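User: Please take me through this model in questions and answers. I am new to it.

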Amino acid sequence: MYTQGLDQKGQSDKRDGLESAADRKAFQKRVDAEEKIEAKDWMPEAYRRTLIRQISQHAHSEIIGMQPEGNWLTRAPSLKRKAILLAKIQDEAGHGLYLYSAAETLGVSRDQMVGDLLSGKAKYSSIFNYPTLTWADIGAIGWLVDGAAIMNQIPLCRCSYGPYARAMVRICKEESFHQRQGFDILVELCKGTPEQKAMAQDALNRWWWPSLMMFGPSDAESKHSAQSMAWKIKRFSNDELRQKFIDVTVPQAEFLGLKVPDDECILDKQTGHYRHGEIDWQEFIEVLKGNGPCNKQRMEKRRNAHEDGRWVREAARAYAEKRAAKAA
């Protein structure tokens, strides 16, 4: 989802010094002409590292993002809702697969990416470190979190790096269904009892601000956004995407009969945009540091799942080696 990956500090590489100004100029000319950069094309090392950082974080976010929703699989209010939620979680596993595959075209192995996640070196979206306390939270995740993801990801379908852009086309189609699923849950709750509508309002209150944080720091604080936009990895700045999300989502809340938890969120008739209050960026920083409500829980479950699957990976590797030896 996830522009937060652009704000992690990258590591310098001695290969940067081997690039000529002419090579970088020719590369930028291709990008400016809207040509797609493919895996075997020459690219600046910094461009490659930026893509690995962003795509791997996106993949990690899809995989970790299965956990808060999986928490409600056994407690969904009907068989139909359970089947829909299960299908959504399976979609997210598929998204992680597409994205890891896209990142591998940049010369990084899946083992390395997963290892970086499990060691804490790589990050995932801060939004998945919040708990799902009620069924309404599943609706809020679909409506708000996947809604914010779509706002971020549709421009990525025009990313300058071809394998990433093509993966995003299918992901965005599926994410649109996820957003509708979440909104449908909240529609039903808001048409229900006063207690059900109160539960929906409570979920909105808790997920609104973390959803706004998903777009990453303000433009003034974002370390890599300007360069990523010049390379056409990104098409819009963090603040532009956040504003578009607010402008679309506030009327949807009003349709539901809910109120966003921001007294400063008022339509500015001159600009046509909704104003919004100050985001608590200290909370954002603390969650990224690993101090959110569910950081430790999420990573413990991921590490345990990885360890539990070790025998499957080892068996598959042994079988592949046996077949290769037989063929030789």
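Analyst: Helices (H or I, at least four residues) and strands (E, at least two) are DSSP runs, numbered from the N terminus. The model is predicted: local features need pLDDT of at least 70 and side-chain atom pairs pLDDT 80 or more, whereas totals for chains, interfaces and linings use all residues. Residues are numbered from 1 along each chain as its sequence is written, and side-chain values use heavy atoms, with hydrogens and water left out.

User: Which helix gives the most to the lining of the second largest pocket?

Analyst: A pocket is an open set of points on a 1 Å grid over the protein atoms alone, where a 1.4 Å probe fits, with protein on both sides within 12 Å along at least five of seven lines; lining residues have an atom within 4 Å of a point. Here the lining has 17 residues, and Arg110, Val114, Arg302, His306 and Arg313 lie nearest the centre. At least two lining residues come from each of helix 4, helix 5, helix 12 (295-308) and helix 13 (310-327). The greatest contribution, five residues, is that of helix 5.

User: How many residues of the lining of the second largest pocket are charged?

Analyst: Asp, Glu, Lys and Arg count as charged; Ala, Val, Leu, Ile, Met, Phe, Trp, Tyr, Cys and Pro as nonpolar; and the others, Gly among them, as polar. By these classes the lining has seven nonpolar and three polar residues, and its charged residues number seven.

User: What distance separates the end C-alpha atoms of helix 4?

Analyst: Helix 4 covers residues 79-104, which is 26 residues. The expected span is 1.5 Å times one less than the number of residues. That rule gives 38 Å for helix 4, and the distance between its end C-alpha atoms agrees, at 38 Å.

User: Is glutamine 181 buried or exposed?

Analyst: Glutamine 181 is found in helix 7. Contact means heavy atoms within 4.5 Å, and, not counting residues up to four places away in sequence, glutamine 181 touches Arg81, Ile84, Leu85, Lys88, Ile138 and Gly142. Buried means under 20% relative accessible area, exposed over 50% and partly exposed in between (1.4 Å probe, protein chains only). Because its relative accessible area is 9%, glutamine 181 is buried.

User: What covers the buried residues of helix 4?

Analyst: The buried residues of helix 4 include Arg81, Leu85, Lys88 and Tyr100. Among the elements that cover them are helix 2, helix 3 (66-70), helix 5 (110-119), helix 6 (135-153) and helix 7 (162-190).

User: How far is the sulfur of cysteine 159 from the closest cysteine sulfur?

Analyst: A disulfide is a pair of cysteine sulfur atoms within 2.5 Å, and a search of the whole structure finds zero of them. Cysteine 159 is buried, because its relative accessibility is 0%. Its closest cysteine sulfur is in cysteine 157, too far for a bond, at 9.7 Å.

User: What is the relative accessible area of leucine 258?

Analyst: Leucine 258 lies in the loop between helix 10 and strand 1 (267-268). Beyond four places in sequence, leucine 258 touches Cys190, Lys197, Ala200, Gln201, Leu204 and Ala253. Leucine 258 therefore counts as buried, with a relative accessible area of 6%.

User: What is the relative accessibility of glutamate 34?

Analyst: Most residues other than glycine have a negative phi. Glutamate 34, however, has a positive phi of about 65°. It is found in the loop between helix 1 (21-32) and helix 2 (45-64). Glutamate 34 counts as partly exposed because its relative accessibility is 42%.
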